[in-house]
Amino acid sequence: MAAGPPTVFGHPTEQLADLYSSCPSRHDLVTQLLALFGQNNHLSCPRVFLYGPTGSGKSHVISSILNTLKLPHALVNCVECYTSRLLYDHILNQVALVTPAPDNDYTNYSRCDNMNDFVKTLRTIIEDRELQEETMYIVLDKAERLREMDMNILPAFLRLGELTGCNVCVVLLTEIVWEKFRAGTGMCEPLVLHFPDYTKDELLEILSSDCPTGYTKDFYMSYVNIVLSVFYMACRNLNEIRHLALLNFPKFCEPIKKGEATEEDVHKLWRNIEPHLRKALQTVYLREVSSAQWERMQEGAATQESSSANIKTLTGKVNMELPFYSKFLLIAAYLASYNPARTDRRFFLKHAGKMKKTVQQMKRDERASSQLLGPKPFPLDRLMAIFYSIVEGKVAPTANIYSQISSLVTLRLMTQVGSDDQLDGAKFKCTVGLDFMRSIARTVNFDIIRYLYDFV
Amino acid sequence: MSKRKSTGSAAMSEGACYSELQRVLRERVYKISAPCDVAGENDLDKPRRHLLDLIQRCSSMGESNSALIIGPRGAGKTMLLSSVLAELKENRDFRDNVLEVHLNGLLQTDDRIALKEITRQLQLENVVGNRVFGSFADNLAFLLEALKKGSRDSQAVLFVLEEFDLFAHHKNQTLLYNLFDVAQSQQAPITVIGLTCRLDVIELLEKRVKSRFSHRQIHLFNSLTFDQYLRVFRSLLVLPAEFRDKKFCGKWNKHVESLSDDPGVTSILRKLYDTSKDIRTLKMFLMLPVARICPSHPRLEMSDFVEAHKILTADSKSNTLHGLSVLELCLVVAMRRLSDVFVNQPFNFQMVYNEYQKFVQTRSYAVQSFDRPVVLKAFEHLQQMELVRAAEGAGIGGRGQKEFRPMLLMIDKSQLMQAIQKYPACPTEVKHWANTL
Amino acid sequence: MSTSGSVSKACFVFKPKAGKRKKKLNPADYFVDESGARTEATRARCETYQILWEDMNKDIEALQTDIHKKVFDDLVGYVGSTHPGFCLGEEIQHKVSSNEIPTAALVTGVNMPDHGMIFSNLTSLLQDNITPYVARLQAKDCSAMKNIMSKVIMQFMDNKELLDDDDDEVQVKRISPTMPVLCGWYADSVKRSQSPNKSPSKKRKTSYGQYPPLVIVMEDLEGFPAQVLQDFIIICSQYLSRLPLVLVFGIATTVTAVHTLLPHSVSSLLCMEKFQAQPSTEYLSQVINKTLLSTKYPFKLGHRVFQLLLDIFLYHDFSVVNFIRGLQFAMLEHFFNDLGMLCCGVKLRTSRIRAMDHRELEAIRKTSSFRRYVELQKPQEQRDLLLNDKLTKDVFISLLKDLDSYHTMCYPILHCLHALTCGLPRHPLGKQLRELYSLVLESNVWETQGYKDAFNLLRLMARDDLVSVLGQCVEKLEGWTESDVSDVIMEVQTYMAQLDSLGDGSQEEQEEPEERPKERLSKTTKLHDLQNRLRESAKQKKKLTKYEVLRNKILDYLDEIFRTHLPSPTTLPLHEVYYYRVSTLRRHMNAAPRAAIQTALSNPYYYLQDETLKSEDGTIPNTAPDVCIAYKLHLECGRLINLYDWLQAFVMLVHSGEENDGAGTSKQNKVDEVLQARFIRAVSELQFLGFIKPTKRKTDHVARLTWGGC
């Protein structure tokens, strides 16, 4: 099933050549798509559905096909179109080659706010541009968003060809399987093609393409090999790995710069980079370090301990300073939302009997430990009561105290759960994790564990 | 749509031949409602005749009617209608006696739009101008009146409503009510023909609407025998006699014949036929092979069909699972376990994380363990791919903590197992773990 | 309880712009003397206040800009460095990582009230140096995609208009807020800026690069609805090839907030760099140094007030803005009384004293500190001081002069002492300068236990440590140029020289003292140990090493210095002139609305000061306002209150006064409308105050919402 002499698709060879080169290790898919599209004066497959994980090059392939072959098209990302109106505008503007600019003082091609008008306008535009012969490609990226719009939109797009009576090809790109799109009536099955994730070798091939200047390709290849050997298990997202590779490359070359090693002795380099990669593995997916800052960190980190410490600080585990009473309010909130209300008396009353758990209680709590199920909402009164019982010294319930509660809410350390009536219905939840809470409690040396039902 | 620029003389270059071939075949295969002659399908004849004289009578003796064509997708409703119309159009006075109005439930999402569309298709915009009408009925009546004028006697109007069931969802079904009303009370000669794939469509109609509908229903089914199916397959591929390059045409058609006898091909077609008799599926199946044909690939190979069939019947779920990272796969397994433990009760991230932790601690030598934030990211990715979905009543949006939002897994055991078998370089520990399910 | 919502919100919303709001309302109206008239004196006070405040405020603002200088410079630099290779024209050709939006995560503290200021500074800084295009977003007006987009685009587009005031008026209202529009606009505005014919008005624009980035500042990231934020970021990344966008996240808590908001698919579109803003405590101590610990401003805070403001800062909100407001308020109050008159520069003060009439002098004579001073004088002089105005004036002048000189010395020495003690274990005199300062304000510092401990520790200090702390002291002192200060410096430096000079000679001897302290601290276990250690130490006492002798000498000297220069201002005569010590401030600064309401309701006399309302043992006089009566009655009820019974009780009480004329009994069965109306009003007022609310649980009942008084 090799892609025969491409000319038959009616496209000049050199264009195809650089098309293929621009989408490495996607040849089969490109060929298939080209076949389906056919010559641009042919009727082409009216609806194609492409799905695959992020970073598998869906939008890249499509856009490079359309751009390199200069096919008439509209390429829209549905996230942008939070109303169907916007969707129509975007498509029509692109089809009609209108871009909002000062000279047309930022107006759209035409005002169109329902499917009917859209189809009409589309037809007229195509006729105006004398494209009846050609295929018009309409690509909808992040197509899953279409499902949230009016229920007629998705089916209508799927049979846009029939509705307009023009040679239109609608391409849907998404991460989600087609089965989850089937809903409502009027659906019309598209041709479903899957973009598989890249294999290790493909990844290698692609990554090697962005080899920084001043280094031989093989050298970079070997580096990428190392990176993959560490990360491939954890993540296969091309972008992520690419990011990590570029991030750590300077570190990798460090010995060479220092003149301690040459490009040849890979082992030395490996031993040098390996620990760093392992560390980076811990923060994979969390883009908290821009490459520049990462380098600075690595410079600063003579020993690995300190560097790992650095990473920690970047992941923001460092204790956050709160005003004194806010800390206690937060603690109180935490206790209130993680302890059952019935246990308050045991915890906060003087000489209340020691808490004993029976075996079946243990079992039950195992299942329904609030540490598992998360915080429960609590009324303000309870919060204040607990607050007063844990804070030392007498605190007047001043405006300042109350304002702290609301500032805790705006900081999203607490959230207010829906309450229709403001008077006494207001309920809150504490949204911080246990370890964070402990670090806070430590600063006011309050042993929070002793007060948590789950740890009794 | 069908008119194409003709290329060159009778004897054409090879390339041109193939390009022409492509044109012809694509016309048939890539259009769901392209009339492909299913000759000798007697079960289509009856409804066809029925429909024919229905419209005939309206045009000739101005008799109003209404009918519904009901049948599953791909049963050839639209095809039937268009072929009927094509036949009728051949006679002249039908052409200038009958106006067609095509409405589609997907386009005219409410009656206001529908009416505008009707006006447009009857070319009455200028007549209407910017008159305002008291009611929908007045407006429609006016339109039909307007038709009477001008032409000697009243002109018949043929209303074709595709996705008929969607019109039933419009407010008060005003459009349907009025159309049926006109049709029944013979105010003006109109024929209303609805196409739908919902068998219960009548139940959707309000009483007053239902009572005005002449309960003519034409039912179509995908009841092709395999031989007919094969015939359709052939008829989709053979080149028409009027193909310019006769020699090429002959060669090709012989090839097609040979294909339809080839046991391999027929077996695949048989599989297809057993899954669905739907002609659309057949066309979908042919899309890729047809597209492949070119001078360097002059014939439809077995491999093409096999591949096409593979694409058509691929299990997308396991495909997506294939794209996951090992970490994500672990999470899926963990979730599967959870949903087995509490029988399909929703779980939340925290539980999944604990499960995962348990696993990692036991097998820590073999499996890389990750910090909570990383795992959370992976979990979110699964959610984004809709392999996991928030259970009903779970607070959507950032308010609630996502670690504790109750979730449900959308993958069943078999799929998971399948995926794990296929998964490249899957750590044996994970395999074992999954097997302990 | 329920009031919390609104109360807190109220405090919240107004905080940020409060600093400016104060200035708007004219203090002059506020300055009146006892009789409420606006005399010459009051005007004078008002003016002095205003002048003083203006200067102080200027300083503070200056401070506020350069406190964040470091981080801002980094940030601005970063923003400038992003999008190096950006250029419009060919869309297709851009490098791989270019769908990552450069993002600066600016971690501001949790002191929300100050943030407004921080961000406005940042914005202006950016606009001066990097780009004219900065959009500020706040969570509260980004509830949906639509809002956020229009907000951003409005801000950018408007910016264009005010930047080059051309004729063409883009009615932004009409424009649909979409990215393509923004692209079009940006391309256009870039073209304009490059076009040669620039009107002189746009000089500053030339300083920008060819493609100034579009900066979007999200002030309170935590507040943003997750979905909206995600979509917005996705969209932005789509257009990076055509718009040089830069995001700035204002994060109050920690960077993890980003992850709680964004899933991986989105956060991978960001290329973040983290910037840590100065903690507000830092900022605060700067402010204190600049304003209170300087002789530039005569006005000072008394101990109680100072402590109060500090507490509010440390316990409630880390908000410097609020602290400053408190300071300003205190100042206002201070100048409100007569003494404020003299709280000003020397010349003015002298002339004013001269100009004083007898009454004013009396007012000052009354001040406790002055009386104390008089009592110390010989009887003859006492009489003069109390009768002879002329002489008194001279005395005043001289006393105030002394006070000034006290200040000039006090602060350097204070710093010195702090430098000396802040390093000590367990910080006997506090870690922060402000703690030490409040000690000094409270009483003579050397009488405090902390001071003694500190010196005991110092007396055990090893040589090099001592040298180093002395060095620090000197450094601190060098900040001042006054002659006396330099004397002290001299003194200390000579001592340090001596310390060096007795170098190796005393080496071996001074081994012991060095470890002695360790032992002393270490084994305090058994009794007899203790005893023979004491004996040891006694022996020790006999033969002191050279070093120890010297050390004691130094410390004695320093101690002497401190005793002379750091007396508590409260001991000095006429300190009332400078120090604001009235502690009514608490009521204003740290309001307790609920308590206030409850007092007002349960004890109306407290506020109304009407004799007839005086009630003993908490009974309600029927003369009390209706709402009070209703409140008192409702206190006696349970969760649910039967309206009819309540009404009856109410009527009874109101009539209780004229019980004798037997009206009450007759009225019992049918209540007259007026009373009923009054009752209803009272009830609805209570509801408005949030003490009760209607309930559906039982007909003719209302639910009670508050329990117990606090």
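Buried here means under 20% relative accessible area, exposed means over 50%, and partly exposed lies in between, with a 1.4 Å probe and protein chains only. Helices (H or I, at least four residues) and strands (E, at least two) are DSSP runs, numbered from the N terminus. The model is predicted: local features need pLDDT of at least 70, and side-chain atom pairs count only at pLDDT 80 or more, while totals for chains, interfaces and linings use all residues. Residues are numbered from 1 along each chain as its sequence is written, chains are lettered from A and ligands numbered from 1 in the order in which they are written, and side-chain values use heavy atoms, with hydrogens and water left out.

In a regular strand the side chains alternate between the two faces of the sheet. From strand 1 of chain C, Ile101(C), Thr103(C), Ala105(C) and Val107(C) point one way, whereas Pro102(C), Ala104(C) and Leu106(C) point the other way, and all are buried. Two strands count as paired if DSSP finds at least two bridges between them. Strand 1 of chain C pairs with strand 4 of chain C in the parallel sense over 5 bridges, and Ala104(C) stands opposite Val248(C) in strand 4 of chain C. Strand 1 of chain C is also joined to strand 5 of chain C by 7 bridges, and these two strands run parallel. In this pairing Val107(C) stands opposite Gln276(C) of strand 5 of chain C. Strand 5 of chain C is itself mostly covered, with 6 of its 7 residues buried.

These strands belong to an open sheet of 5 strands in chain C, which has the order 2-3-4-1-5 and parallel pairing. Strand 2 (134–137) and strand 5 (270–276) of chain C stand at the edges with a single partner strand each, so one side of each is left without a neighbour in the sheet. From one strand to the next, the twist averages 20 degrees. Strand 2 of chain C pairs with strand 3 (residues 214–218) of chain C in the parallel sense over 4 bridges, and Leu137(C) stands opposite Met218(C) in strand 3 of chain C. Helix 5 (residues 112–129) of chain C packs on the sheet and touches strand 1 (101–107), strand 2, strand 3 and strand 4 (245–251) of chain C. The direction of helix 5 of chain C makes about 165 degrees with that of strand 2 of chain C. Axes are lines fitted to C-alpha atoms, for helices over the stretch in contact, and angles run from 0 to 180 degrees between N-to-C directions; contact means heavy atoms within 4.5 Å.

Chain C is divided into domain 1 (96–192 + 209–277), domain 2 (284–509 + 543–580) and domain 3 (593–704), with bounds that come from an automatic or database domain assignment. The C-alpha centres of domain 2 and domain 3 of chain C are 56 Å apart. In helix 15 (residues 358–365) of chain C, the residues Glu360(C), Leu361(C), Ile364(C) and Arg365(C) are buried. Viewed down the axis of helix 15 of chain C, its buried residues fall within an arc of 145 degrees, so they line one face of the helix; the arc is that of the directions from the helix axis to the C-beta atoms. The cover over these buried residues includes helix 3 (40–67), helix 16 (368–376), helix 17 (379–387) and helix 18 (389–421) of chain C.

Two residues stand out by backbone angle. Leu574(C), a residue other than glycine, has a positive phi near 65 degrees. Leu574(C) lies in the loop between helix 25 (546–565) and strand 7 (579–580) of chain C, and it counts as buried at 1% relative accessibility. Asn172(B) likewise has a positive phi, of about 55 degrees, although it is not a glycine. Asn172(B) is found in the loop between helix 8 (164–167) and helix 9 (174–185) of chain B, and it counts as partly exposed at 40% relative accessibility.

Chain A contains 20 helices and 8 strands, and 59% of its 456 residues count as buried. Chain A is divided into domain 1 (13–194), domain 2 (200–314) and domain 3 (324–455). The C-alpha centres of domain 1 and domain 2 of chain A are separated by 38 Å, and their contact takes 4 residues from domain 1 and 6 residues from domain 2.
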